[in-house]
Every structure is written in structure tokens, then in C-alpha cells.
Amino acid sequence: MNKAVGPIKRKFAPWDDPAGVPFIRFENVTKRFGDFVAVDNLTLDIYEREFFSLLGPSGCGKTTLMRMLAGFENPTEGRILLDGKDLAGIPPYKRPVNMMFQSYALFPHMTVEANIAFGLKQDGMESDQINTRVAEMLRLVKLEKFAKRKPHQLSGGQRQRVALARSVAKRPKVLLLDEPLGALDKKLREETQFELMDLQIELGMTFLIVTHDQEEAMTVSDRIAVMNHGVIAQIGTPAEIYELPATRYVADFIGDINLIEGKVSAVSGTQLSLTSEGIGGVIDAEAAEGGDATVGLDACFAIRPEKVRISREAPPAGSHNVLEGEVWDIGYLGDISVYRVKLANGTIVKATVANMTRIVERPITWEDKVYLTWPRDAGIILTK
Amino acid sequence: MADTKDPTGSSKAKWLVVAVPYLWSAIFFLAPFFIIVKISLSQTAIAMPPYMPQFKDLATAWDAVRQFSLDNYVFLTEDPLYIAAYLSSLRIALISTLLLLAVGYPIAYGMARAPKGVRNVLVMLVILPFWTSFLIRVYAWIGILKPEGLLTMLLQALHIFGPDQQLKIFNTETAVFIGIVYSYLPFMVLPLYAALEKMDHTLLEAAADLGCPPLQAFWKITFPLSLPGVVAGCFLCFIPIVGEFVIPDLLGGSGTLMIGKTLWAEFFNNRDWPVSSAVAVVLLIILVVPIVIFQNQQKKL
Ligand SMILES: Nc1ncnc2c1ncn2[C@@H]1O[C@H](COP(=O)(O)OP(=O)(O)OP(=O)(O)O)[C@@H](O)[C@H]1O
Ligand SMILES: [Mg+2]
């Protein structure tokens with residue numbers, strides 16, 4: 001699938017190259033704890049120098065996947081390959097993989113400096129080289145002043161940065177980051193994100209990162225995998241995931257979206273039509289990749305709030321892709337306003353409008369009868 | 001009103017909480033200690049109690065105080081027996097403590113690594129010997145270690161020993177070490193276990209992740225983090241072992257010199273209360289001074 005909407009950060013798409021060889025490969029990997037299946041027959045390819053994100057609800061198996069790659073858990077079934085070599089039987093301390101732990105796992109009896117230097121010393125690096133590297137890492141995470149402190153003398157966010165620095169210090173081929181920036185404030189988080197991206201380009205490392213911050217995943221990733229109950233729901237570039245979700249689950253999980261339930265009423269190639277009681281019209285849109293397209297099937301139309309136009313003027317009678325409703329609520333968020341519109345069948349549809357001027361009075365207000373329209377192809381019809 | 005009352009009430013309660021341990025120490029440690037110090041400054045006498053001067057009433061108290069002297073302490077330094085006994089006690093206590101650490105650490109480590117449900121059972125098993133009398137357990141060791149005892153019989157049955165060969169460790173220091181290690185093991189294991197059990201296992205994973213093989217990870221992570229437990233266990237064992245009397249008396253025979261035995265002999269055989277008090281006071285100083293220095297060092301860290 002090569003429908004990426006617009007150029008993203010840089011041209012890098014080895015996964016589209018039929019000759020591309022994956023660097024990390026999960027091959028039908030299953031992990032069971034007792035009879036609980038944490039990772040379910042999962043296959044995943046990650047390419048060298050890729051910045052790959054795992055997104056998914058709590059408990060869906062993200063950490064388990066990373067722990068198997070780092071060597072702390074053995075797959076119950078399937079195998080994991082790194083650079084073509086099966087990792088089975090290789091202990092964690094011999095894998096060219098470093099992991100930043102979700103719980104940080106800093107050594108409480110060592111200073112920040114010693115924590116960062118630990119892996120370097122383990123590799124037998126010269127002490128002046130270690131010092132240079134440690135200083136560089138401290139600069140990266142902005143903790144120069146805290147080098148001599150012990151972990152318990154640091155704030156949560158500072159500890160997280162030490163953990164990050166410690167895992168990056170060895171410049172491993174593969175870096176696994178389990179929620180690396182969750183405890184940082186927004187500004188620091190954004191700065192660190194960009195520094196991580198720079199570092200990745202500079203050092204050519206492969207990053208596998210778990211995050212609950214979708215914006216972060218969008219910003220840093222080459223590709224994103226959305227997981228659910230131990231399986232991958234969708235893999236794609238940030239734009240693909242956002243604009244072309246394959247299932248309701250992914251659509252709903254990533255970002256804010258309106259889902260309008262209905263039934264498929266007509267099929268013409270990849271174009272579907274959707275009708276539903278009480279929405280007052282027919283919706284035409286492209287079908288999601290890999291979905292069934294049969295008339296009469298339950299389906300839903302998915303559209304992002306920022307793509308919905310809201311207006312009090314009625315469009316020409318009989319036009320498609322129009323919804324009619326009443327303003328139920330208006331939320332003012334500073335940069336945008338969110339209008340919640342209640343359709344005749346009770347469905348609430350959100351539309352966001354950028355606040356381009358400073359006027360406080362809006363032309364549309366509570367209980368106004370409004371029409372919602374959108375550009376062609378702004379939405380997508382999901383049958384799964 | 002209630003608002004202003006409450007804090008004062010709770011601060012009173014707080015003082016009480018702080019005062020209880022001090023009061024306890026004052027009544028059950030400081031007061032007897034001063035009595036011992038007083039006796040150690042007196043002279044033996046054929047009387048009951050067998051020393052003088054005695055405090056009869058306030059009027060003669062000052063006279064009594066003027067008769068105090070440090071003679072007993074001087075006597076301790078003049079007789080090489082006492083110095084030898086102190087040194088021997090310290091040596092035996094030191095070796096025993098190291099043996100206890102060597103035996104106790106693997107046990108505590110195994111307990112801390114055991115599955116959660118089993119751990120409490122293991123702790124129970126460590127404490128279990130306390131349910132029988134300490135004396136009975138030491139007597140039992142006599143039955144095991146004596147020349148014609150159980151251990152000799154076992155070794156003979158296994159043909160490691162010939163039929164005439166006998167174990168010659170009863171009434172030696174070896175028997176004392178065995179008895180001490182056996183008796184004090186829980187005091188070493190429990191603090192070690194407490195320290196090891198609360199260690200976060202992911203630290204070892206982090207070490208492995210950074211390229212550290214398990215054995216190195218033990219010395220770089222596990223052992224340093226268990227140090228508070230090591231220190232606590234060593235103090236809990238070392239201090240009472242220095243003054244140990246029963247085990248060397250029952251298992252060590254006459255060849256084992258320990259200050260506890262010397263003290264007992266002074267007190268009961270010679271009925272020399274002042275000298276035995278002086279022995280006790282010096283023992284206390286020998287033990288307290290290094291502990292205080294150590295604790296100050298710890299605070300500075
Ligand atoms: N050692 C274990 N024994 C039993 N179950 C486990 C074990 N480790 C993980 N699990 C289970 O496996 C599932 C996946 O856990 P995992 O830690 O991978 O989740 P996650 O996606 O990282 O979640 P979060 O976002 O909350 O960190 C969870 O339901 C968890 O309870
Ligand atoms: Mg996790």
C-alpha cells in the first residue's frame with residue numbers, strides 16, 4: 001500500500017522495496033503466560049535505521065514483545081531474527097540490543113554518571129572515552145548538573161532521562177524504548193523527541209519505541225504498529241494509520257474520529273455507499289483496505305473532526321455526503337473550537353473549526369440547525 | 001478550638017512515642033549498667049554481697065564514693081589471661097561471623113529467589129528451630145559431635161572411617177564454630193533475606209541488557225544492594241558471639257578461651273564480683289566503640 005498522503009519527514013521506505021531485507025523479524029511469534037496469550041502468532045518486520053513505534057492499549061503485549069527481542073522472555077512459539085540470525089538461545093547480555101525499561105530500573109547504589117557508564121565499562125571501553133561519552137549523554141538529556149546524584153535524589157522525569165541516556169550510551173544496533181518520554185513535560189518531551197531523531201539519523205540505529213502518546217508516535221515514527229490483544233491490528237506510516245485506518249479499532253484508537261454506523265447500500269469498485277436510519281442521506285466514500293464490500297453489510301463511515309465542515313446553509317437538496325443535525329455543545333480549546341452536532345438518530349458528530357480570528361461570538365451557536373459536509377475522500381468506510 | 005487542641009494533643013502523643021524507648025533503655029539498660037560500673041570500681045570483700053564499699057545511707061555515701069578505685073581495670077591489663085580471652089573471643093566471633101555470612105548468604109539468596117508463595121514457608125523453616133530450647137539444641141550437638149557420637153557412627157557406616165576411627169572435633173574450636181554457626185544462622189539469614197527480597201529483579205535484567213553476565217551482575221548489583229542486610233546480619237551475630245558462654249562451655253571444652261567463660265568463672269568460681277564487673281564493662285566498651293564509629297561513618301555516606 002503506497003497511499004501515503006504527502007511527503008512525511010524524509011524519503012525512507014524500505015518496506016515498500018520488494019528486495020528490502022528486514023533487520024528485525026518476528027516470525028509467527030506467540031508468547032503465553034500459563035494459558036494467557038500475551039502475544040498471538042505475530043509476524044512483524046522492522047528495517048535497519050527504521051524508527052518503529054508500537055501503539056496499543058495497556059496490556060496488549062507491547063512490553064512483552066520488546067522483552068522477547070531483548071532476551072528476557074523466550075517466545076513460546078515462533079522465532080525472532082536479528083540481521084538474519086535466529087536469536088533463540090542467545091542470552092540478553094550478548095545481544096546487540098539495549099532496552100530502556102518502563103520502570104527505568106536504575107541502579108540505586110550508583111550515581112547518574114555511573115549508571116550511564118555501566119554498559120560502557122562492561123564493554124571494556126577506555127576510561128577517558130567513557131567520560132566523553134557520559135558527558136555527551138548527560139548533555140543529550142540535559143542532566144549535566146546531576147551527574148553526581150543518586151537516582152533517589154532525582155525527580156521522576158529526571159530518572160526517566162537517566163534511563164534513556166543509559167540505554168542510548170552504548171549506541172546499540174537496536175534500541176528498545178519502553179515509554180521513554182512519558183514522565184517529561186511537553187516542551188522537554190518535544191525537544192528530546194527531536195534529539196532522539198537526530199541521534200538515530202546520525203548513528204544509524206534502529207529504534208523500536210512504545211508510547212501512549214499518539215502525537216509522539218506520529219512525530220518520530222517511520223512506521224507505526226497498532227496492537228490489540230497480542231496481535232497487530234495495522235502497520236503503516238503515521239499518515240496511513242491516521243488517514244486510512246483498516247479497522248474500526250484502529251480508527252477509534254488513533255486520534256479523534258466520528259464513526260457513523262450504517263449498512264452498505266451500493267458497491268462500485270472500491271467506492272461504497274452507506275445508508276442509515278436517521279442520518280438523512282447517503283454517504284459515499286472509499287472502502288478501507290482489505291475490507292469486504294458486499295451490499296447489506298454492516299459498516300461504518302469514519303471521518304476525522306477536522307475534515308468536517310459545519311454550516312447553517314442547506315446544500316442543494318438530494319446531494320450526498322451531507323448530515324443534518326443540531327448543535328449540541330461547543331467546546332472552546334483556544335486554537336480550535338469543537339462543535340458536537342446531534343443527528344436525528346442521536347449520533348453525536350464532532351466538527352472542529354480553527355479559530356482564525358479573535359472574535360468570541362461565533363456565527364453558529366447552541367441548538368442551531370446545521371449541515372455537516374466534507375470534501376470527497378475525506379472519510380473512509382470501514383467494514384471490519 | 002478543636003483545631004488548636006488537636007496538634008498539641010498529637011505532639012504530646014509523639015513525645016510519648018519517642019520517650020518509650022528511652023525510658024525502656026534507662027530502666028533496663030542504663031540503671032543496671034551503672035550498678036555494674038559501680039561494682040567494678042569496688043573491692044572484693046567477704047560479705048553479702050561480696051564487695052565493698054556499700055551504700056548504706058546518704059550520710060556515708062561520699063565516703064563510699066571516695067573508696068572507688070580503678071584497681072580492677074588495672075588488674076585486667078596486668079594478667080595476660082584476660083587479654084588473651086578478649087582476643088580469642090574477638091577472633092572466634094570474627095571467624096564465626098564470616099562463616100555465618102558464607103553459609104547464610106546462599107540460603108537467603110535462594111529464599112529471596114524462590115516463588116512468592118514458597119517464601120513465607122521458607123522463612124518459617126528458618127525460624128522453626130527457635131521453637132525448641134536453645135540449650136537442648138546445643139546439647140544435641142554434643143550427641144552428634146562427640147567421639148562415639150552420631151557423626152562418627154555415620155562416617156563409619158559409610159566406610160569413610162574405619163571401625164576404630166573416631167571424630168576428634170568435640171571439645172575443640174571446630175565444634176564451637178559448628179555450634180555457633182548453627183545457633184546464629186537465623187540472625188544472619190533473616191536480615192539478608194529482607195535486603196535481598198526487596199531488590200527489584202529488573203535491575204539484574206538491566207545489567208544483563210547492558211552486557212553484564214550473571215556472575216558479574218551479582219557482584220556489581222546484588223551484593224552492593226544487599227550490604228545493609230550484610231551489615232545488620234554481621235552485627236546481630238558478631239556482638240552476641242563475642243560474649244557467648246553456653247556454646248564454648250558445652251562444645252569447646254577447656255581448650256577454648258572465651259571472655260564469656262572467663263566472666264562466668266570470675267563470678268561463680270572466684271566469687272569476684274568487682275573483677276567480673278570490670279570484665280563486663282570492658283567487653284561492652286570493646287563492642288560499643290566500633291559500632292558507634294561505624295554508625296557515624298554510615299551517616300556521613
Ligand atoms: N510474567 C508474566 N506473567 C503473567 N502474565 C504476564 C507476564 N508479563 C506480562 N503478562 C501479561 O501479558 C499482557 C501483556 O503485558 P505487557 O507488559 O506486554 O503489556 P503492555 O502492552 O506493555 O502494557 P502497558 O502499556 O500497560 O505497559 C498483560 O495482560 C500482562 O498481564
Ligand atoms: Mg508495557
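K170(A) is placed in the loop between α4 (156–169) and β7 (174–178) of chain A, where helices (H or I, at least four residues) and strands (E, at least two) are DSSP runs numbered from the N terminus. The model is predicted, so local features need pLDDT of at least 70 and side-chain atom pairs count only at pLDDT 80 or more, whereas totals for chains, interfaces and linings use all residues. Residues are numbered from 1 along each chain as its sequence is written, chains are lettered from A and ligands numbered from 1 in the order in which they are written, and side-chain values use heavy atoms, with hydrogens and water left out.

**Surroundings of K170(A)**

- K170(A) counts as buried, at 18% relative accessibility; buried means under 20% relative accessible area, exposed over 50%, and partly exposed in between (1.4 Å probe, protein chains only).
- Leaving aside neighbours within four places in sequence, K170(A) is in contact with N98(A), G119(A), L120(A), D123(A), R133(A), L210(B) and G211(B), contact meaning heavy atoms within 4.5 Å.
- A polar atom of the K170(A) side chain lies 2.8 Å from the backbone oxygen of L210(B).

**Interface of chain A and chain B**

- On the side of chain A, 21 residues are in contact with 17 residues of chain B.
- The two chains bury about 1,700 Å² between them, 65% of it on carbon and sulfur atoms; buried area is the accessible area (1.4 Å probe) that two parts lose on being put together, summed over both.
- In chain A, the residues losing the most area to chain B are Y93(A), H109(A) and Q122(A), which together make up 35% of what that side buries.
- One salt bridge is found across the interface of chain A and chain B, a salt bridge being a side-chain nitrogen of Lys or Arg within 4 Å of a carboxyl oxygen of Asp or Glu.
- R67(A) forms a salt bridge with E205(B), with the closest N and O atoms 2.7 Å apart.
- Eight residue pairs are in polar contact between chain A and chain B (both at pLDDT 80 or more); a polar contact is a pair of N or O atoms within 3.5 Å, and within protein one must be able to donate a hydrogen and the other to accept it, while residues adjacent in sequence count only if both atoms are side-chain atoms.

**Magnesium site**

- The magnesium ion (ligand 2) has T63(A) (OG1) and Q102(A) (OE1) as its protein donors, 1.8 to 2.4 Å from it; donors are N, O and S atoms within 2.8 Å of the metal (3.2 Å for Na, K and Ca), and sites may look incomplete because water is not among the atoms.
- T63(A) lies in helix α1 (residues 62–70) and Q102(A) in the loop between β6 (97–100) and α2 (112–122) of chain A, so the pair ties together parts that are 39 residues apart in sequence.
- T63(A) is partly exposed, with a relative accessible area of 25%, and Q102(A) is also partly exposed, at 39%.

**Domains of chain A**

- Chain A is divided into domain 1 (14–96 + 172–248) and domain 2 (257–382), with bounds from an automatic or database domain assignment.
- The C-alpha centres of domain 1 and domain 2 of chain A lie 34 Å apart.
- Domain 1 and domain 2 of chain A bury about 770 Å² between them, carbon and sulfur atoms giving 49%.
- Y242(A), P245(A) and R248(A) supply 71% of the area that domain 1 of chain A buries against domain 2 of chain A, more than any other three residues.
- Two salt bridges are counted between domain 1 and domain 2 of chain A.
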